[in-house]
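Take a look at the model below.

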Amino acid sequence: MAKNTTGNKRSMAFLVFRIVLRLVIYAVAVMILVTCVKKAYHFGYSVFTMEVMAEDPGEDVVVTISEGMSSKAVGELLESKGLIRDGSVYTVQAIVYKYKPLPGTYVLNTSQNIKQMVDVMTVAEEETEEDKNIIPTKKNSTQEE
C-alpha cells in the first residue's frame, strides 16, 4: 500500500508540473504575440503616417542618390543621414506608393516627411533648379525632354 501512495504522489506531482509548465509556455507565447502585434502596429502606423524627424526649421542635409539605387538602399541612406527613423518604412512606402527617386544630389530637411522628400527627389531637373532643392549631377533621358 505504501508503494501506491508513493506512486500516486509522483503522478500527482508530475501532473501539477505539466500543468504549470503549460501555463508558463502559454504565458510566454502570449507575451511574444503581444510584442509582435505591437511592433507590427507601430510599423504599419509609420508606413501610413508622415512623421518628421524635427520641427521647423529643421536641418538641411545633402543626399546623393546614385543611378540604380534600390528602394532599400535609398531608405538606409535617408536613415543614416538622420532624415527618417526607419529605412524599412521608406522601402515599404516606395513599393506601396511607387516612389522612384531620380539620381542626383538633393538638399533635404529633417523637418520634411518622406512624401515631401520624395517630391523633391522625383521632380525633373528644370523645375528643381528654380526651387533650389536639387544640385544636378547628371541628366537622364527623362530630364532632357
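A residue is buried under 20% relative accessible area, exposed over 50%, and partly exposed in between, using a 1.4 Å probe and protein chains only. Glu51 has 39% relative accessibility, so Glu51 counts as partly exposed.

Two notes on the source. This is a predicted model, in which local features need pLDDT of at least 70 and side-chain atom pairs count only at pLDDT 80 or more, while totals for chains, interfaces and linings use all residues. Residues are numbered from 1 along each chain as its sequence is written, and side-chain values use heavy atoms, with hydrogens and water left out.

Now the whole chain. The protein chain has five helices and three strands. Helices (H or I, at least four residues) and strands (E, at least two) are DSSP runs, numbered from the N terminus. From that end, the order is α-β-α-α-β-α-α-β. The protein chain has 145 residues, and 27% of them count as buried. A contact means heavy atoms within 4.5 Å. Take the contacts between residues at least 6 apart in sequence: 62% of these join residues at least 24 apart.

Next come the charged pairs. How many salt bridges does a search of the whole structure find? There are two. A salt bridge is a side-chain nitrogen of Lys or Arg within 4 Å of a carboxyl oxygen of Asp or Glu. One of the two joins the side chains of Arg85 and Glu51, at 4.0 Å from N to O. This pair links distant parts of the chain, 34 residues apart. Arg85 sits in the loop between α2 (71-80) and α3 (87-97). Glu51 sits in the loop between α1 (2-48) and β1 (60-65).

Another salt bridge joins the side chains of Asp119 and Lys115, at 2.8 Å from N to O. Both residues lie in helix α4, four residues apart, about one turn of the helix. Asp119 is partly exposed because its relative accessibility is 33%. Lys115 is partly exposed too, with a relative accessible area of 37%.

Finally, find Asn113. Asn113 lies in the loop between β2 (104-109) and α4 (114-121). Is Asn113 buried or exposed? Asn113 has 13% relative accessibility, so Asn113 counts as buried. Leaving out residues up to four places away in sequence, Asn113 touches Met50, Glu51 and Val52. Glu51 is also the partner of Arg85 in a salt bridge. The side chain of Asn113 also reaches the backbone nitrogen of Gln116, at 2.8 Å.

How values were computed
Polar contact = N/O pair within 3.5 Å; in protein donor to acceptor, adjacent residues only side chain to side chain.
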